[in-house]
Amino acid sequence: MTGPATEGAKNAQSAEAVPPVLDVRGLHTHFRRGRNVVKVVRGVSFRVGRSGSVGLVGESGSGKSITALSVMGLIQKPGFIADGQILLDGRDLVGMPAAELTKLRGRDVAMVFQEPIAALNPLYHIGTQVAEAIRVHQDLTKNQALERARQLLAMVGIADAGRVLRSYPHQLSGGMCQRVTIATALANDPGLLIMDEPTTALDTTIQAQILDIIADLKTRLETAIVFVSHDISVVTQVCDELVVMYGGRVMESGRTEQVIGSPKHPYTQGLITAAMSVSGGTGRLKSIPGEVPDPQHMPSGCPFRPRCPHAMPQCAADPPLSDLPDGRQVACWLHGSTTGSTTVEEVTPL
Amino acid sequence: MADRIGEPVLADGTLALQAAEADVARPTASRWRLLRQRNFVIGVILLAIVVIPVLLAPVLSPVGPDTQNAGATFLAPSVTHLTSLMGTDEFGRSVWVRVLYGGRYSIGASIAVVVIGGTAGTALGLVAGYLGGTVGFLIMRVVDLLLAFPGILLALAVTAILGPSLVNAVIAVAIVAVPLYARIVEGAAREIRNLPYVRASRALGAGPRHIIVRHVLPGAMPAVIVQTTVWLGVAVLWIAALGFLGLGVQPPTPEWGQMVSDGQASLTIAWWVAVFPGLFLAVFVVGISLVGDALRDRLNPTAVGA
């Protein structure tokens, strides 16, 4: 009765019953530039389950940060969400009145940004800022909020919370400030935490510490995480699932070990090969030839076509994001429905 | 793959230790830094020289500011009597006493101008700069319109409509100050609203009012303070100008600017009637601007504790 098959079926069933924390469907985010419209995000879909962790990976300009900001409702003019749905706990954020979105931010979904020191107001003590973030959503006195702030800082591994609370941002290191912003984002127990390149501005050892903290928080809290990064090796340390983005589209998505172990999309393969060559020993660093396309002059069909080693005439048509038998999705004519017979040789490290 | 960055998986204790050793400096050291600035100290001393006697006017005055003495007109300054410390004017009134009482009107009026005009202008600038868009555009075009008007003409028009009195003169000068405040605050607000910490605050659920009050206004304060110190001085002169034209303070009420212009007539025979109120005016303005400069430097966030 308790065989692995029934276990899996049960999981699938419960996953069906509990809606995901975040369900992005066909998101299009565009920016007006003069008379033109620049399509930065072009039909991105992904889900984040309860307590799940999803990494959005891709080079600069792939649209991952704009996707994250869209979810936060922080796209400002001249940007706008042209189409799609962003379901947070089943409620669509697209078209939600600004006042309602404001109430939701910080309480149901919070965000951590790339520049930790700049993300804190230089004029106020850390304690004031953390306490304010708490008091925006919770009816606490100043002292209660400060006490809660102390607990939050302790949670992200700050031993001397009292002193940090009394400091100004410029008196702290970047790593310390990033701990503070993570603690602040978690202040109101949001169901979803979005981190946009949270470790990119930090040096490698501090980066490792912050990643450890995030991994630790993941096991202790029920908060789901969307982790945005250009660095696939960082994302794999934190996330259970990966969404590989390129040219405003999802190229491949699936469980981390699947995507890393046997990447299907040539772009994912390129990213992993490049990351491998950074970590692995000697020789020339590998890179993907060519450049990220300018969103104003996006090639027709598959956006990766001009750089792809396997490009073929068919790629001029848009490859759909199709499901593979193992549960992941790939948008490439080499895989999926019609031309499933052709296979790409698996990428080999080194 | 994963071992590139996640080298040592630190236990919680180690993590905490490393976090603690990050440089947490003492925040108190810079608090008294202001006093070590020479200009600030000089400014405060100059202001004290002017403001303290003005505040103590009733105590330091042996006679009233309007007390005339037909037998003692145009007495030269002498240290023998407090009444004639700065001499007397054409009606035998004590210049010393009138300077002290005049300071109450001059400084009081200029503070009122700055409070009224500064508050209104700052509020407009904050709203226009933070919201931007159509609202901001409309506010700023009205501001431009006011700026395009010569200030003195605007003030004259306002006092002509409201009638001549000190209160109306204050209102008129405040209206002149509004667009100047609005313009600089709008610029600062537009810059601040795009800073990472404002974006972060928005991402944490802060509404527009919270962001304006807690982030944009404090960020714009250095500019406001500098503008205020300029206007505290300028307003004294403007109030005086309106008084000179008969649209401000009405005689015999003493007021520095008006005393200077009254004393002009007798400058060749009794220099002290115009010079002493002028001296107080000048010292006040210089003191204010020295303090203002120092405050601006102190309030500049990039300079804090640097």
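**A walk through the predicted model**

In chain A, four strands form an open sheet in the order β2-β1-β4-β5, and their pairing is antiparallel. The edges of this sheet are β2 (36-48) and β5 (91-92) of chain A; each has a single partner strand, so one side of each is left without a neighbour in the sheet. The model described here is predicted.

Strands of a sheet pair through backbone hydrogen bonds, either parallel or antiparallel. In chain A, strand β1 (residues 22-33) pairs with β2(A) in the antiparallel sense, over ten bridges. A:Leu22 has A:Val48 as its bridge partner in β2(A), and A:Asp23 stands opposite A:Arg47 in β2(A). The hairpin of β1(A) and β2(A) has two residues between the strands, and A:Gly34 takes a positive phi near 60° in this hairpin.

A helix packs on this part of the chain. Helix α2 (residues 64-72) of chain A lies across β1, β2 and β4 (79-88) of chain A, and runs at about 110° to β1(A). The loop between α2 and β4 of chain A contains A:Pro78. The peptide bond that leads from A:Lys77 to A:Pro78 is cis, with omega near 5°. Most residues other than glycine have a negative phi, and most peptide bonds are trans.

The next pair of strands is parallel. Strand β6 (residues 109-112) of chain A and strand β7 (residues 192-196) of chain A pair in the parallel sense over four bridges. Within this pair, A:Met111 stands opposite A:Ile194 in β7(A). In a regular strand the side chains alternate between the two faces of the sheet. In β6 of chain A, A:Val109 and A:Met111 point one way, A:Ala110 and A:Val112 point the other way, and all are buried.

Two residues in the loops on either side of β7 deserve a look at their backbone angles. A:Asp189 is placed in the loop between α7 (174-185) and β7 of chain A. The phi of A:Asp189 is near 45°, a positive value in a residue other than glycine. A:Asp189 has 13 other C-beta atoms within 10 Å and is therefore partly exposed. A:Glu197 lies in the loop between β7 and α8 (204-220) of chain A. A:Glu197 is not a glycine, yet has a positive phi of about 50°.

Now consider chain A as a whole. Chain A has eleven helices and twelve strands. For 350 residues, a compact globule would have a radius of gyration near 20 Å, and the 21 Å of chain A agrees with this. The C-alpha trace of chain A spans about 65 × 60 × 50 Å along its principal axes. Of the 350 residues of chain A, 47% count as buried. Among the contacts in chain A with a separation of 6 or more, residues 24 or more positions apart account for 64%.

One residue pair in chain A has a sequence separation of that kind. A:Thr236 and A:Ile260 are 24 residues apart in sequence, and their C-alpha atoms are 8.1 Å apart in space. A:Thr236 is found in helix α9 (residues 232-238) of chain A. With 24 other C-beta atoms within 10 Å, A:Thr236 is buried.

Chain B supplies another pair. B:Ala148 is found in helix α5 (residues 133-148) of chain B. B:Ala148 and B:Leu131 are 17 residues apart in sequence and 24 Å apart in space, C-alpha to C-alpha. B:Ala148 counts as exposed because it has 9 C-beta neighbours inside 10 Å.

Which residues touch the most other members of the largest nonpolar core? Of the 176 residues in this core, they are B:Val173 and B:Ala235. Leaving aside residues up to four places away in sequence, B:Val173 touches B:Val113, B:Ala155, B:Ala235, B:Trp238 and B:Ile239.

Conventions:
Residues are numbered from 1 along each chain as its sequence is written. Chains are lettered from A and ligands numbered from 1 in the order in which they are written. This is a predicted model: local features need pLDDT of at least 70, side-chain atom pairs count only at pLDDT 80 or more; totals for chains, interfaces and linings use all residues. Two strands pair if DSSP finds at least two bridges between them. Two residues are in contact if their C-beta atoms, placed from the backbone, lie within 7 Å. Axes are lines fitted to C-alpha atoms, for helices over the stretch in contact, and angles run from 0 to 180 degrees between N-to-C directions. A nonpolar core is a set of buried Ala, Val, Leu, Ile, Met, Phe, Trp, Tyr and Cys residues joined through C-beta atoms within 7 Å. A residue is buried if 20 or more other C-beta atoms lie within 10 Å of its own, exposed if 12 or fewer, and partly exposed in between; C-beta atoms are placed from the backbone. The radius of gyration is taken over C-alpha atoms; the globule rule is 2.2 Å times the number of residues to the power 0.38.
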